Amino acid sequence: MRRRSGRQSPRAPRILKLGCTLTLLLGLGGCSNGFLPDTLFIYVENESDLSRQAEIGDSHEAVLQLLKDFEQVNPGVRIQVQYFPSEAIVPATALRNARALGPDLLVTRLFTALQLHEQNLTAPVSFPGKRFDEIHNRFLSRFRLANNQFLAVPLLAEAQLACFNKRRVPVPPTSLDELIALSAKGMRVGLPLSAPDLYWTTSGSEAKGSLNALLESDNSNAAAPTRLDAVEQRQLRGWLNWLDDANQQLNVEFAEDVIELRDRLGKGERDWISCHSLWLGLLGRQLGSSLGVSQLPGRAGQPATTLTHLKVWSFGEHSSPRQRQLAKAFVLFTLNPVNQRRLMLDVPGSLPVNRQVLIPTKSSDRFAVMTASMDNSIMLNLRNPHVVEQQGDQLNDLLRQLILGTLDVDGVLQDLSAPGGAPPDPGTP
Amino acid sequence: MDKLLLEIAGWLGYLSRPLVLLQGFAIAALMLGHHWGIEPRLAARPPLVRLLGSLGLLLALWLSAELLQALGQPTGLVEYAVRVYAIWQGLIVARVVLAGRFGAAPTDRLYGRIVKPLFLLFLAGSLVNQLDSLQEVADIPLFRLFNEPLSTGGAVLLFTIPYFLVVLSEFPVAWLGGLLQRLLGLSQGTRQAIQIACRYLLIGGGVLWVMHRIGLNPTAIAAMAGGLSVGLGFGIKEVFSNFISGLWLLFEGSVRPGEILFIDGDPCEVRSLGLRAAVLWRDRDNAELVVPNQDFFTTTTTTYTGSDRMRRSQVDVSAAYRHDPETVIGLLEQVALASPRVLPQPAPKALLLSYGDSAINYALRYWIENPMNNSGIKSEVSIAIWHRFSEEAIEIPFPQQVEHQARTDQTTPERATDRAEERPGAP
């Protein structure tokens, strides 16, 4: 007996240690409201694929203030924010979700939110009662699922505009033809080189519908490739011809990184660019009173139709009940009229999604232009984000080749009709 | 610093998620079960059995990940644990292989100084990357250094890069030294000097790069250099003097690792020349002497390895007057030539030094290859002389003293005695 007890005695502290460890872990796990902090993890998508600048641009302070205010009204809650470039936020979320360490909330562009939802990286949420009655229905309807659930919740709206130097361009062009004409007179024009950012240029050739159909067609099915009918082909040809004409102009420059356009306007190297409302704060500081803003030119004096840009909230997949509760509370906090108004004023280029917030269109030309541009925008029916992404990438590649001169309009149309074909001969004029 | 602590504290928020806890429990239970239940039982077993035990844990972790996946639960943390543990086991196996190939001591040194710290760094970085963005954590400001904000990443670089520079620079520099030695036919000492100088350059350059990388502006570095110069004038004059002396000695070549110096009457081998002091090994008592570098500047240094490593040694011996000096000289030279560790060239030389009171004094001079072996060879030669003299009946006389005592009242001439002392065993 003595020997037996002697054998057991060294194990006693081990078992004790194991017990203590497990108890500690259980305690930590079980007492989420005890000494474990209430932490809300938020991922934010950056502005450009090629830039590390945050999506919220230079409005870091405004957002930090919002976080502080929420932490103040919810003592013990801490919010950790991580920023990701556009191309990294989906893989990063997938990686962390695989460990159950994903975010509780994500602030992304609309398209990214749809991608996250498509890949089951975010969770639909429901809000009781009529919490969203104040939100513009045109923004909210796209996110509504069955059973009163939402795949995402809009946070802020942004507009696509024309930004120009008023000293060089006293009167902005109101049509695409005027834009070309002005560039012929020496106005230096900057245009983005991506299909979604060039969407507004389809207004001149009424190719909107064709481009929508093209972007949303699933060409991965080689057995049944997309066929463009004659009307669509004609519309797209018109659009591509205009881009080709613009590219022939000495003073028109296409930029792959949209941030480059902003910087060049700020430095005085461009006179007119297609710009994003979020840039207005920085451009305003760089150009001062010389910064002019207008709606993008369309056809026959009518403004162009742009794509609706939204910042949206998505909810993480693995939040604890407490974290989900806090996430919902935070989203509602950011959507209340007071904070929506504050965000509108403190984050230049943002428009509220809450209808109760009055936008100062009469006292501010910029808000008037932004509101008009937003009213004139449409939201694509992005049912299959991965298809749109694939199609967008292909279209971007073809546009790049068109601008670089390695492919002509016919070649682009041919490739659009027969995707996955042989690469164009570099020697083709 | 507060921001970093808050960030780390925030990670605890993940523990409120049941699926994180589930994975954590699976990992902890298997790890602790292996550590407390399996490892003690295998402790006395051969390494292969212990390795199998570890592979068993790896398999158990992998199976738990598969089980969680089958249940539709996230498994990333368990898979991460599997990968990290597999890497660690791989390193353990590599250690056994390396120890068999290069020996246990250098392998232990490699693991203790490089592999384990690198693995620890990798583990910390990858763990942070699981919980947060490594880049953003690295960007968190800690405190101000020379009026410049020092980020977490900068602080990590500031502490780790110099360490790894010191530890890792040894290998490329040794390779470069070996290459130069082969190409240019350098001596071992010159090779060592080049290696140490290159190492200092590498470390110095690395430290300057780190300072630039973490954003210390040149003005701050200049201010630091100014502060140092004042410090040099007062507090650390000796340290700096020793450092400069060490560099000087390296290039001068008088004190280099491998040199044999005469310190306090003993030959000592220079083992290393450090920033502050040289470490010398004394064969006589296997002692290591740490001698400040500047001592070599202020005192005369006797070296046996300045131009070559040979040393001329000498054995003194006496022979009785009745023996022909030329015979004795010939015998002595024969004895020296017969000694295996005495160099035949330059040839040993015996000399008649002087006529003593009771014997003729001779010296046998000969050359040896390694100065550190002097005492042993001297003993061998002396013993050989004793034997040869014994064979040839050559007497090594001992001094004889005759005391004459004047006769007094108390003593008679008969009581006066002649006393002589004999050395037992003298031939």
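This is a predicted model: local features need pLDDT of at least 70, side-chain atom pairs count only at pLDDT 80 or more; totals for chains, interfaces and linings use all residues.
Visitor: Which residues touch the most other members in the largest nonpolar core?
Guide: They are Leu40(A), Leu105(A), Ala152(A), Leu161(A), Cys163(A), Val312(A) and Trp313(A), out of 98 residues in that core.

Visitor: Where does this core lie, and why?
Guide: The core lies between domain 1 (38-157 + 309-378) and domain 2 (160-308 + 380-417) of chain A, because both domains give residues to it.

Visitor: What does Trp313(A) touch?
Guide: Leaving out residues up to four places away in sequence, Trp313(A) touches Leu105(A), Val107(A), Ala152(A), Val153(A), Leu155(A) and Val331(A).

Visitor: What about the second core, how many residues is that?
Guide: The second core is separate and has 19 residues, including Leu331(B), Ile368(B), Ile377(B) and Phe389(B).

Visitor: Back to chain A. How many residues of strand E14 are buried?
Guide: Eight of its eight residues are buried; strand E14 of chain A covers residues 309-316.

Visitor: Which way does strand E3 of chain A pair with E14(A)?
Guide: Strand E3 (residues 105-109) of chain A pairs with E14(A) in the antiparallel sense, over five bridges. Within that pairing, Thr108(A) has Val312(A) as its bridge partner.

Visitor: And how many bridges join strand E7 of chain A to E14(A)?
Guide: Five bridges join them, and the two strands run antiparallel; E7 of chain A spans residues 153-158. Glu158(A) has His309(A) as its bridge partner in E14(A).

Visitor: What stands opposite Ala123(A) in E14(A)?
Guide: Phe315(A) does. Strand E4 (residues 122-123) of chain A is joined to E14(A) by two bridges, again antiparallel.

Visitor: New topic: chain B. What is the order of the five strands in its open sheet?
Guide: The order is E6-E5-E4-E3-E7 (chain B), with antiparallel pairing. Strand E6 (287-292) and strand E7 (302-303) of chain B are the edge strands, each pairing on one side only.

Visitor: How many bridges are there between E3 and E4 of chain B?
Guide: Four bridges link strand E3 (residues 260-263) and strand E4 (residues 266-273) of chain B. Ile263(B) stands opposite Asp266(B) there.

Visitor: Last one. Where is Asn373(B)?
Guide: Asn373(B) sits in the loop between strand E11 (360-368) and helix H14 (374-391) of chain B. Not counting residues up to four places away in sequence, Asn373(B) touches Arg341(B) and Ile368(B).

Notes
Residues are numbered from 1 along each chain as its sequence is written. Chains are lettered from A and ligands numbered from 1 in the order in which they are written. A nonpolar core is a set of buried Ala, Val, Leu, Ile, Met, Phe, Trp, Tyr and Cys residues joined through C-beta atoms within 7 Å. A residue is buried if 20 or more other C-beta atoms lie within 10 Å of its own, exposed if 12 or fewer, and partly exposed in between; C-beta atoms are placed from the backbone. Domain bounds come from an automatic or database domain assignment. Two residues are in contact if their C-beta atoms, placed from the backbone, lie within 7 Å. Two strands pair if DSSP finds at least two bridges between them.
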